Amino acid sequence: MFISAIAQGFLWTILGIGIFTTYRILKFPDLTVEGSFPLGAAVAVTAIVSGIPPFPATLLAILAGMGAGLVTGLLYTKGKIPVILSGILVMSGLHSVILFVMQRPNLSLLNYPKLYDVFTGLPNYFDVIVVGIIALVIVISVLLFFFYTSKGQAYIATGDNESMARSLGIKTDNMKILGLVFANGITALSGALIAQDNGYADVNGGIGIIVIGLASIIIAEVLFKEVTLGERLITIIIGSVLYQLLLLAVIQLGFDTTYIRIFSSTILALFLMTPQLRKGLNLSKISKEEGQH
Amino acid sequence: MKELLELKDVTKTIQNESDMNNTILDHVDLTIEQGDFITVLGGNGAGKSTLFNSISGSLSVTSGQLAYKGKNVTHWSEEKRARFVGRVFQDPKMGTAPRMTVEENLLLALKRGKKRPFLPRKLKENRKDFEKLCASVGNGLEDHLDTPTGHLSGGQRQSLSLLMTTLTKPDLLLLDEHTAALDPKTSKRLMTLTNQMIQEKDLTCLMITHRMEDALTYGNRLILMENGKIKLDLNEEEKNKLTLEDLFILFENE
């Protein structure tokens, strides 16, 4: 259970990093991920079932996710629909796309090859951890290379100060589209890997996943302040694994897994409130000290 | 002198809450010659900022035409006009990216209007130049090359904005009350630096200011705006004859 939770944590980190590229760098929440995640799962699983090897199947999933991000980006920048609404529209539309891809609400990978089969010699769950680490190394390296290119700096500047970016000639619309394409491609990769680990894809597999992605970011930020961009991406791994362990602890305490989502949300809410909670606690501490004097 | 930018019959109207048309730029004609340093005066709502927004492209005009070196640029986007327009805003927060460091900001500015490829940004190669550039300002900016600009003081941020805007020597520099948010001493230093840069780099510049003394001291041309129109356009000779008292009287009559 413990190792399994850690392995899942690695795979969910990829989602966290995907969300980070829009939520924290461009500073807007992208709800498309709730659709591109199950889309990645559906495309990968359907491709494998129809005889495509797991590796190219996973690449197809990434492409599908990027396509979803592109649609949201175009609706937002060219169609001038607010970004949250654009995301909701695409997320909702993707439900039909996923049903069309799979031709049924869920599809099993039982007795089909998976990406993890390459490492079958390893003990249980370690194949998932190894694949997860390889995927993370690739995703983080590509992103870090990108962030420190001229294009990447323009991307960061767009999120940091859009009007300045435009006044320097940065095409901010293109940057936002690029970010949404990247983020949803990464999200779909996460969906494809988790589906292969679970052994199935489900049309409803995306509900609430934004909470999981955000939780890994927020936990990382609460625990590690003032770090560089590269370090931040790595700390999201820690945030994600910790979050999975917290959920595991909740389950171990005997809570019904049917109601797991309320715990997911509560844990995230608690972490989001930590600055406020800390302030509240400090204040009471100070007033107590004053009282003693 | 050569014409740099020509505004022909430029009008901007917006609809207010009660669907009434509100004209904020009223058939403005303005020709900016190469080498002009124009100070722009006018009360609140006179249309100074709208004039700047129309030139920079952050606002599209309702009617009229803008020509840059004879080329019609009326429908160019703000991003495209960045090739020839550089702008410093009043709010120090507007001109820099707060989470990026001083040198990262300068590097962004170095690529104004150029392609930004998927290739390494080459920060180290420029560091020496940036250090020298920041040292020329004389407010300790060179010691903060690695500091996110959000941690700098208002004066430092504003002088960085000025450096960033003038780094690539834009054909037209727009200064939108860029010293107004600073304390008197810092404000004066930045104004001196600004004037020095404009002279050294031979820039063409429009400067909005509320300080009458500055409007008289600096520049070779002065325009006064009122109700979306250019009420007065003084050349160097006329401007030199103008006294502070004359200006106050002009404002009184508004």
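Visitor: How do you know which residue or chain a name points to?

Guide: Residues count from 1 along each chain as its sequence is written, while chains are lettered from A and ligands numbered from 1 in the order written. In this predicted model, local features need pLDDT of at least 70 and side-chain atom pairs count only at pLDDT 80 or more, while totals for chains, interfaces and linings use all residues.

Visitor: How do you know whether the radius of gyration of chain B agrees with a compact globule?

Guide: The radius is taken over C-alpha atoms, and the globule rule is 2.2 Å times the number of residues to the power 0.38. For 254 residues a compact globule would have a value near 18 Å; chain B has 19 Å, which agrees.

Visitor: What makes α5(B) mostly covered?

Guide: A residue is buried if 20 or more other C-beta atoms, placed from the backbone, lie within 10 Å of its own. In α5(B), 12 of the 13 residues are buried, including Gly155(B) and Leu160(B). Across chain B, buried residues make up 39% of the 254.

Visitor: Why is α5(B) called a helix, and what span does it reach?

Guide: Helices are DSSP runs of H or I with at least four residues, numbered from the N terminus; α5(B) covers residues 154-166, which is 13 residues. The expected span is 1.5 Å times one less than the number of residues, and α5(B) reaches 18 Å from its first C-alpha to its last, close to the 18 Å expected.

Note on methods
Helix = DSSP H or I, 4+ residues; strand = E, 2+ residues; numbered from the N terminus.
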